[in-house]
Structure formats: structure tokens, C-alpha cells
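Subject: A structure to look through

Dear colleague,

I am passing on a structure for you to open beside this message, and below it you will find my notes on what turned up. Please keep in mind while reading that this is a predicted model.

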Amino acid sequence: MPEALTPQVDLIVLAGGRGSRLGGAVKPAVEVAGRTLLSRVLDARTLARRVVVVGPASARAAAGPEAAGVLWALEDPPFGGPVAGIAAGLAALAAPGSAPAAGAPADAPADAPAEWLLVLACDLPWAEAAASTLVAALADRPHSNCAGTDALDGLHLSDPDGHPQWLAGLYRASALRDAAARLGPAVNGASMRALLSRLRLGGVRDESGSGRDVDTWQDVEWSTALLSGPSPVSTTPPRSDTQ
């Protein structure tokens, strides 16, 4: 059996949401177990050649001192949703001179685009584990390193009920660029379903719950308790009143 090849990836972190269910708080700056959500998501940068965070200037301090080399972008107009954020991230990665981020693999070329693109929302406290699961799952697939007709265009986590978690995904960069180009100006406010509708995707069951996100202060309290060490907290996330 041939040895699995580790795919080369870039990373887009989507940090431009309004945080409406958090009372308008700057979500990337919300702290979970003593660290900002954005700094936790950026732990996944060690898997990527280049990293771009799509978010407002108010989120930059939340990246922390170890975010050297991270690119920044913002969708136009702001708050255009995740698809507009992905389009802005793709444009930033395509810009000349976008160097590898600090912590990227030592052999990462400065300008060569990676074939694969991690897309992570900024509200995933276990983002590094989620990204590692996706990269490992892709490496194990027989067609992960070719663009043939049997190859997938991407993988995403799926929750225990089978619902796709598209903002914890790993996509073929060329397929994502083509999908964004098809939408054109309609990327503003577009749904992830619209962006990904023509892509051939596979779901990876999220057995460990690494794709659990933080939408409410109740989620913040639960995630903090779970990350802070042994406690009687349930491993099942709480359900908010709006769910």
C-alpha cells in the first residue's frame, strides 16, 4: 500500500461575523479558557503554508503575538457573510508576495499556491484538532493528490446527526476559486450551499467533537469548562433557547 502523502494547504480563517448572539461582541476576541477564539483557531497555522484572516481591524489584537506573517483581508462590503469572506481570502492569497506564515512548514515556497485550502470559522475552540482530522482524512484517500475524475473537491466535518460543517472544511483551491468566480458579485450574502453546490465533497464524521463552535455565552461557559481540565461538565454541548 503506498505511503499517504501529506497535502500542502493554505488556511483561510473567517473572522468577520457580527457576533449578534453574543450581544454584538467581537467574536474573535471572546476568550475561552483564557485564550481568544481567534488565537485558538490560529493554532492550525502549523498545518498551512500561508494563512489569511478575513476580519475587521478590531479583531487583529485577538490574533495574539504569535500571528507573525498572517495576512489580513476584509470582504467588501464588510459583514458580507462567509462566502464573501472566502472570496476575499482567496484574493489575498493570490496577491503577489504573500509569504508563508510563521510556523508554516520549513519547505513552504513563498509564492507557490497550495493545492488545498483549509476554511475554518473563527469560533472553533478545537480548530487545530479539526484541521488535523481533515488533513489526515484527505491524505488517506487514494485520489487526494490528483485532479482526476474520481477525485473529490473537498472534505468537511459532519456532526453526529450527519449535518455538514462547511466552515470546518478542506477544499481543492482551484475548485473553490472557480465556484467563487461563478457567483461573481453575488458572493455578498451568498450561502455556503450555493458556493459548494457543484463541488464533489465528502463528509468526515466528527467523532471527537472538534468542530463544535461557540455562538452564545452559554457555549463560551461550556467550552471553557471543558478546556479547563477535569470537571463534571458534559461532553454534549448545551442547546440554546433559539435552537
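**The nonpolar cores**

The largest nonpolar core has 33 residues, and those with the most contacts inside it are Leu11, Val13, Leu42, Leu118, Leu120 and Leu170. At least two residues of this core come from each of the following elements: strands E1 (9-14), E4 (51-54), E6 (116-121), E7 (154-158) and E8 (164-172), together with helices H1 (37-41) and H3 (127-140). The element that gives the most to this core is H3, with 6 residues. A second, separate core is made of 26 residues, and Ala73, Leu90, Ala173 and Ala175 are among them.

Leaving out residues up to four places away in sequence, Leu118 touches Val9, Asp10, Leu11 and Ile12, then Ala131, Leu134 and Val135, and finally Gly169 and Leu170.

**Strand E8 and its partners**

Strand E8 deserves a careful look. Of its 9 residues, 7 are buried, so E8 is largely enclosed by the rest of the structure. E8 pairs with E6 in the antiparallel sense over 5 bridges, and in this pairing Tyr171 of E8 is the bridge partner of Leu117. E8 also pairs with E7, again in the antiparallel sense and over 5 bridges, and there Leu170 of E8 stands opposite Leu155. E7 and E8 form a hairpin with 5 residues between them, and Gly162, which lies in the turn, has a positive phi of about 90°.

**Helix H4**

Which residues of helix H4 (residues 173-183) are buried? They are Ala173, Ala175, Leu176, Ala179 and Ala180. These residues cover an arc of only 165° around the axis, which means that they lie on the same side of H4. The buried residues of H4 pack against helix H2 (82-94), E6, E8 and helix H5 (192-196). After H4 comes Gly184, whose phi is positive, near 60°.

Apart from residues up to four places away in sequence, Gly16 touches Val54, Gly55, Pro56, Glu75 and Phe79. Gly16 and Gly80 are 64 residues apart in sequence, yet their C-alpha atoms are 8.3 Å apart in space.

Gly202 belongs to strand E9 (residues 201-205), and its relative accessible area of 12% makes Gly202 a buried residue. When neighbours within four places in sequence are set aside, Gly202 is in contact with Leu152, Gly154, Leu155 and His156. From C-alpha to C-alpha, Gly202 and Gly169 are 9.8 Å apart in space, while 33 residues separate them in sequence.

Thr36, in strand E3 (residues 35-36), is buried as well, with a relative accessible area of 14%. Not counting residues up to four places away in sequence, Thr36 touches Pro28, Ala29, Val30, Glu31 and Ala62.

**Backbone details in the loops**

In the loop between strand E5 (71-73) and H2 you will find Pro77, and the peptide bond from Asp76 to Pro77 is cis, with omega near 0°. Phe79 is also found in the loop between E5 and H2. Phi of Phe79 is near 60°, a positive value in a residue other than glycine, and Phe79 is partly exposed, with a relative accessible area of 42%.

Ala33, which is placed in the loop between E2 and E3, has a phi near 55°, and this too is a positive value in a residue other than glycine. At 25% relative accessibility, Ala33 counts as partly exposed, because the cut-off for buried is under 20%.

**Aromatic rings**

How many aromatic pairs does the structure hold? It holds 1 aromatic pair. As a separate point about rings, Arg212 lies over the face of Trp126, at 4.7 Å from the ring centre.

With best wishes

Methods: Residues numbered from 1 in each chain as written. Predicted model: local features only at pLDDT ≥ 70, side-chain atom pairs only at ≥ 80, totals over all residues. Heavy atoms only, no water. Phe/Tyr/Trp six-rings, centres within 6.5 Å; stacked < 30°, edge-to-face > 60°. Lys NZ or Arg CZ within 6 Å of the ring centre and 35° of its normal. Core = buried A, V, L, I, M, F, W, Y, C linked by side-chain atoms within 4.5 Å. Buried < 20%, exposed > 50% of the residue type's maximum accessible area, 1.4 Å probe, protein only. Helix = DSSP H or I, 4+ residues; strand = E, 2+ residues; numbered from the N terminus. Contact = heavy atoms within 4.5 Å. Arc of directions from axis to C-beta. Pairing = 2+ DSSP bridges.
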